[in-house]
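Good morning. I will go through a few parts of one structure, so please have the sequence and the model open.

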Amino acid sequence: MPMAIRFDEMNTGATGADPVREHYRAYAQWLSQQPPEHMAARREEAEMIFRRVGITFAVYGAKDEDGSGTERLIPFDLIPRIIPSDEWQSMQRGLAQRVNALNRFLHDVYHGQEILKAGIVPAEQVLNNAQYRPEMHGVDVPGGIYSHIAGIDIVRAAQPDGSGTYYVLEDNLRVPSGVSYMLEDRKMTMRLFPELFSQHRIAPVAHYPDMLLETLRAVAPAGVNEPAVVVLTPGMYNSAYFEHAFLAQQMGVELVEGQDLFVKDHFVYMRTTQGPRRVDVIYRRVDDDFLDPLAFRPDSTLGVPGLFNAYRAGNVALANAIGTGVADDKAVYYYVPAIIRYYLNEEPLLKNVPTYHLIKNDEREHVFANIHTMVIKKTNESGGYGMLMGHAASEKEIEDYKKEVLKDPRQFIAQPTISLSSAPCYINGKIQPRRVDLRPFALCGPDGIEIVPGGLTRVALREGSLVVNSSQGGGSKDTW
């Protein structure tokens with residue numbers, strides 16, 4: 001996978017003939033006819049509306065000038081990312097295959113552990129993993145589904161023949177975020193440029209909340225005909241609180257905090273002004289550790305005492321299931337192609353980025369020898385934190401990071417620096433290329449896997465940057 005060249009989503013780079021890719025041509029022609037002042041006005045309008053609606057992302061550790069914490073507007077780019085339908089259909093099949101295999105892996109890990117006995121995935125990589133929950137061993141979850149909502153991060157890299165290949169960069173199976181921004185980006189594009197939606201055949205995404213609600217209702221305990229669904233949030237200080245409130249409102253269900261729920265006789269109830277009301281399904285946006293102070297962290301004030309016993313008794317469903325994090329750990333990512341072959345007897349339709357596990361001496365030596373072309377990641381970090389970008393790091397940073405790796409190599413993987421594909425963005429009054437990735441969202445229910453067409457395209461807004469995470473200053477755009 002060459003890293004020096006970059007795949008451009010809109011332009012082929014060819015000279016002579018029209019360099020614009022076919023699926024972008026109608027849009028590119030429209031864009032060329034837009035006066036700069038029109039685009040600038042639309043940009044200001046978008047920012048005003050997003051700020052008024054409160055579409056923000058709290059950034060942990062970031063401080064305003066007065067030393068207080070800060071919430072940032074996730075920058076919205078006016079120019080959509082366009083994916084042709086044949087590419088999407090192929091990607092969708094690969095995503096469904098991957099989510100299916102990972103759910104089977106989770107069921108096996110918490111039951112017979114056949115894949116560990118077969119040596120396909122080293123047992124210590126799972127059983128010693130911080131996200132492995134031994135309390136879940138032998139617990140049967142509805143439909144055998146552990147990850148009901150998955151966000152799979154996809155990148156595209158250029159090939160020597162000029163084509164671009166999609167790769168899975170990361171699996172997010174615990175509490176994947178970002179779908180609210182996908183929905184709001186679409187709503188904003190339709191508001192600013194309604195004429196585009198009569199000129200193009202764009203697959204809709206607005207039905208995602210309905211799909212999500214149906215997925216949640218489908219895993220309610222047996223015998224419950226009209227399941228009560230709630231969204232459990234850590235509260236307004238969580239970085240993704242806007243999304244929690246947004247999804248609850250869009251689904252027409254209650255947004256609750258741990259203090260709003262209680263457990264009696266292994267059933268979960270919600271406190272209401274009309275008295276206790278039984279809860280059947282919890283879409284939880286609270287991490288495992290904080291869900292139940294009686295089962296996990298005793299100092300947690302975010303969870304519900306007794307929730308785990310109610311869950312284990314089958315009287316309430318949790319989405320996603322407790323313990324899913326062991327399957328989206330960056331060290332387990334290394335084995336996902338083998339996991340797909342083991343459970344499905346199929347070749348992976350979507351490739352992993354080439355990955356080195358630093359617990360292996362030969363792979364660690366190779367990474368250290370080529371560290372300026374590598375990205376090293378802590379397996380238990382997310383959001384762009386804990387990484388070393390070899391091409392941008394100082395020699396001292398590299399040496400310090402190497403020492404940290406050698407203390408516990410199990411906690412690190414490395415990948416070649418990927419030259420993420422770029423897409424046109426409207427920045428400072430000009431159309432400029434910026435690097436992008438894509439997070440499609442898969443919903444897994446008893447009747448199969450549904451994937452909303454498109455997903456969240458994240459943008460590295462700083463020129464030359466490869467980091468698209470919102471927590472690191474990235475933006476987003478509509479995905480057609």
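How much space lies in the second largest pocket? About 410 Å³. Keep in mind that this is a predicted model. Rolling a probe the size of a water molecule over the atoms shows where empty space is left.

Now for what surrounds that space. The lining of the second largest pocket consists of 19 residues. Nearest the centre of this pocket are Ile 83, Pro 84, Ser 85, Arg 201 and Trp 480. Sorted by class, the lining has 11 nonpolar, 5 polar and 3 charged residues. Two helices, α1 (25-32) and α3 (85-109), each contribute at least two residues to it.

Next, a sheet. Strands of a sheet pair through backbone hydrogen bonds, either parallel or antiparallel. The one I want to show is an open sheet of 4 strands, paired in parallel, and its order is β7-β6-β11-β12. Why is one side of β7 and of β12 left without a neighbour in the sheet? Because β7 (254-256) and β12 (317-319) stand at the edges and have a single partner strand each. On average, neighbouring strands here are turned by 30° against each other, with direction ignored.

Inside this sheet, β6 (residues 229-232) and β11 (residues 281-284) pair in the parallel sense through 4 bridges.

β15 runs antiparallel to β17, and 5 bridges join the two. In that pairing, Lys 377 stands opposite Ile 413 of β17. β15 also pairs with strand β16 (residues 388-389), again in the antiparallel sense, over 2 bridges. Here Val 375 stands opposite Met 389 of β16.

Last, a single residue in a loop. Ile 418 sits between β17 (412-416) and β18 (422-427). Is Ile 418 buried or exposed? Its relative accessibility is 9%, and buried means under 20%, so Ile 418 counts as buried. Along the chain, Ile 418 and Val 353 are 65 residues apart, yet 8.4 Å separates their C-alpha atoms.

Conventions. Residues are numbered from 1 along each chain as its sequence is written. This is a predicted model: local features need pLDDT of at least 70, side-chain atom pairs count only at pLDDT 80 or more; totals for chains, interfaces and linings use all residues. Side-chain values use heavy atoms; hydrogens and water are left out. On a 1 Å grid over the protein atoms alone, a cavity is a set of points where a 1.4 Å probe fits but cannot get out, and a pocket is an open set with protein on both sides within 12 Å along at least five of seven lines; lining residues have an atom within 4 Å of a point. Grid points are joined across faces, edges and corners, and a volume is the space filled by probe spheres set on the points. Ala, Val, Leu, Ile, Met, Phe, Trp, Tyr, Cys and Pro count as nonpolar, Asp, Glu, Lys and Arg as charged, and the others, Gly among them, as polar. Two strands pair if DSSP finds at least two bridges between them. Axes are lines fitted to C-alpha atoms, for helices over the stretch in contact, and angles run from 0 to 180 degrees between N-to-C directions. Buried means under 20% relative accessible area, exposed over 50%, partly exposed in between (1.4 Å probe, protein chains only).
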